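Work through the exercises below with the sequence and the model open. Try each task before you read its solution.

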Amino acid sequence: MPAGHRQERREASEVVFDGVGVTYPNGHRGLSGISLSIPAGQMVGIVGLSGAGKSTLIRTINGLVPATEGTLTVGGRDVTRARGSELRAVRAQVGMVFQGFNLAGRTTVLNNVLMGRLYSTPWWRTLLAAWKADDVEAAMAALERVEIVQKAYTRASELSGGQQQRVGIARALAQRPSVILADEPVASLDPPTSHVVMEHLRRINGELGVTVVTNLHFLDLAKEYSDRLLGLRAGSLVFDGRGEEADEAVFESIYGRSLKADDVLDAVPDLGER
Amino acid sequence: MSQVAAGPGRTARPTRPRRGAGTWVTGVVLVAITVWAGIGVQVDIPAIWRNMGNASGTIVKLTQPDYSFFPQTLKPLGQTLLMAVIATALGSALSLPLAFLASRTTTGTRWVVGVVRLLNNLVRAVPDLLYAAVFVAVIGTGALSGIAALFLFNLGILVKLVSEAIDGLDTGAQEAALAAGGTKFAANRTAMLPAVAPSYAAQVLYTFELNIRASTVIGLVGAGGLGVLIDNVRTFYHYHYLALIILEILVLVLIVETASSALRKRLAR
C-alpha cells in the first residue's frame, strides 16, 4: 500500500475496547472487562502501579499481547481475531515506542527507522536491503520531525538515550500511523530528556492528528501530556477522565495509597522513605 | 575471627555463610571416575618406558626437518588451503539460514526448529574423518571428497554455534519490527541479522582455522591435501620429511590464527 509521497495521508482510526480481558498462559490475569473508546486524534495517558496492566493494555491494541476475551477494534478492524497478514495490516497503522527503545544497535539509525516501512516492502527488497527511494524519504522525513536527521548514518548504539528514543519515535512515524502507542517511553530517561521526548509525542499528536496512547509511571507527566487520563488498578479500569479531575482521592483509588514523591517526576526523590 | 558488633551508627555485618562439603565430594568423585576409567582401558604406564628405545630414533629424526623436501610440499599445501577456503565458504553460506531456522527466537514454528536441530545433531555426530572415508569411497580420492567432508563438518559446527548465538540475542528490535507490521522473516533480517553478524563472522573464521587442521588429517584417508603426503612419507618412514610437513602446518595454522584473531577483535566492536 503506497502511502503517497511526502503527504501525510492516514486513516483516522478509533480504538474501541469492548469487554477486553487478558489471561496469560500461566493463568495470570492481566486485564479484565476493559470497555472504552479512544476517538481519533486523542492524547491518552495511562497511569497505574507497575503490574497494574498498563503495558498489557497498550499491547493488546496492536496484538503483541493477544486479548483472550472481548473484542478490540482499530479503525473498525478486529484485532482480537486477526492473524497473519490481517494482523500485520492493523499493526502497520499502529506505531509503537518502547521503554528500552528496542533499536538494532549495530546498524544505522536510518536502517532502524526503515523498519517502520516493512509492512509495504516485498520480502526480496527486505532481504537485499534494497529500500524504495520513497521509503528512504519517509524515514528521513520522520527523522527530520524528531530533529535527528543529521544522525541518519550513525550507528544507533552510539546515540544517547534521549536520541535513541527519538529514533524510536521516528521509526513509529515512518509507518505513517493513525495511532502511536508508547509503552513507558521515558522510564529510562532523565527528567529534562523525558520532557523533550514527551514534547515530541505531543507535537506529533497536535500537528499530525495521530492518536497517542502513553503509559506513564509519573502522575505529573501523565497529567501534563494528556487530554485524557486512564487509571488502571489490578487489571481493571478505575479512572477515566481529564487530568485536572485526577485529585488526591482519584489517586488513592488508582494507587491504593496517598501520593508520594516517587510518583512524580519533577520532585527530589525521598531516599529515607525506602 | 573477631565479629564486628553492632554499635552506634553501624549495623552488624552478616556472618560469612559456611561452605558445604559439596566441592570436596565433587573433586573426589571426579578423581575416582578418572582412575576407574584408566583401569577400564588398561592404561600401562611402564610400557611407555619399555618402548622408549624403539621410539628414540624417530623422535630424533622428527627434530631435524629436511628442508630440501620443501618444493614437493607446496602443491599439497596449496590444495589444503584451497579445500579449507571452499569448504568454509560453502558451509558458512548454507549455515546462516539454517541457524535462523534452528533458533526458537527467530523461528516460531516449534517443529521446524526441532527438525533442523535434530538433523544438525545427526550431521555433527559423524566425525570429519569418517565423512572423508565415506566420500572417498563414493566420489573417489582427491580434493572434492575432502571439500565435501569439510563442508558437512562446518555445517554441523556453524549451525549449532550461530543458532546458540541467536538464542542469546536481545529480541527488542525484533519485537519492534513485528509491531510495525513486518513478517517474522523481515524482522529477523532487519533486527536480528545485524546483531548476530559479528559472532557469525567470528565463528566462520574459527571454522576456517579448524578446517586448516582438519584438512591435513582427512588427507590420511585419501581426501586430498597435505594429509595424502603425510600418509606417503610416514609409510616409508621418512621422518625428516614428516618433520618439515608438521613445521609447515604449524606455521600455516599460526598465520591463520593470528590473522583471524586480529579480525575477530575488530568484529567484536
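## Exercises

Chain B divides into domain 1 (25–59) and domain 2 (67–267), with bounds from an automatic or database domain assignment. This is a predicted model: local features need pLDDT of at least 70, side-chain atom pairs count only at pLDDT 80 or more, and totals for chains, interfaces and linings use all residues. Residues are numbered from 1 along each chain as its sequence is written, and chains are lettered from A and ligands numbered from 1 in the order in which they are written.

**Exercise 1.** Find how far apart the C-alpha centres of the two domains of chain B lie.

**Exercise 2.** Judge the overall form of chain A against the globule rule.

*Solution.* Start with the rule: 2.2 Å times the number of residues to the power 0.38, with the radius of gyration taken over C-alpha atoms. For 274 residues, a compact globule would have a radius near 19 Å; chain A has 19 Å, so the two agree. Next, the box: along the principal axes, the C-alpha atoms fill roughly 55 × 40 × 35 Å. Then burial. A residue is buried if 20 or more other C-beta atoms, placed from the backbone, lie within 10 Å of its own, exposed if 12 or fewer, and partly exposed in between. In chain A, 45% of the 274 residues count as buried. Last, count elements, which are DSSP runs numbered from the N terminus: helices (H or I, at least four residues) and strands (E, at least two). Chain A has nine helices and ten strands.

**Exercise 3.** Describe the side of chain A that touches chain B, by element and by class.

*Solution.* Contact means C-beta atoms, placed from the backbone, within 7 Å. By this test 24 residues of chain A meet 18 residues of chain B. Helix 2 (84–92) and helix 4 (123–128) of chain A each give two or more residues to this side. Helix 2 of chain A has the largest share, four residues. By class, there are twelve nonpolar, eight polar and four charged residues. Here Ala, Val, Leu, Ile, Met, Phe, Trp, Tyr, Cys and Pro count as nonpolar, Asp, Glu, Lys and Arg as charged, and the others, Gly among them, as polar.

**Exercise 4.** Is A:Glu184 buried or exposed? And A:Ala234, which also has a positive phi?

*Solution.* Most residues other than glycine have a negative phi. A:Glu184 has a positive phi of about 50 degrees. A:Glu184 sits in the loop between strand 7 (179–183) and helix 7 (191–208) of chain A. A:Glu184 is buried, because 20 other C-beta atoms lie within 10 Å. A:Ala234 has a phi near 50 degrees. Its loop joins strand 9 (228–233) and strand 10 (236–241) of chain A. A:Ala234 has 15 C-beta neighbours inside 10 Å, so it counts as partly exposed.

**Exercise 5.** Which residues touch the most other members of the largest nonpolar core?

*Solution.* Such a core is a set of buried Ala, Val, Leu, Ile, Met, Phe, Trp, Tyr and Cys residues joined through C-beta atoms within 7 Å. The largest has 121 residues, and A:Val113, A:Ala170 and B:Ala177 touch the most other members. Helix 9 (residues 184–218) of chain B gives the largest share, 15 residues. Beyond its neighbours within four places in sequence, A:Val113 contacts residues including A:Ala139, A:Leu143 and A:Ala170.

Conventions:
Contact = placed C-beta atoms within 7 Å.
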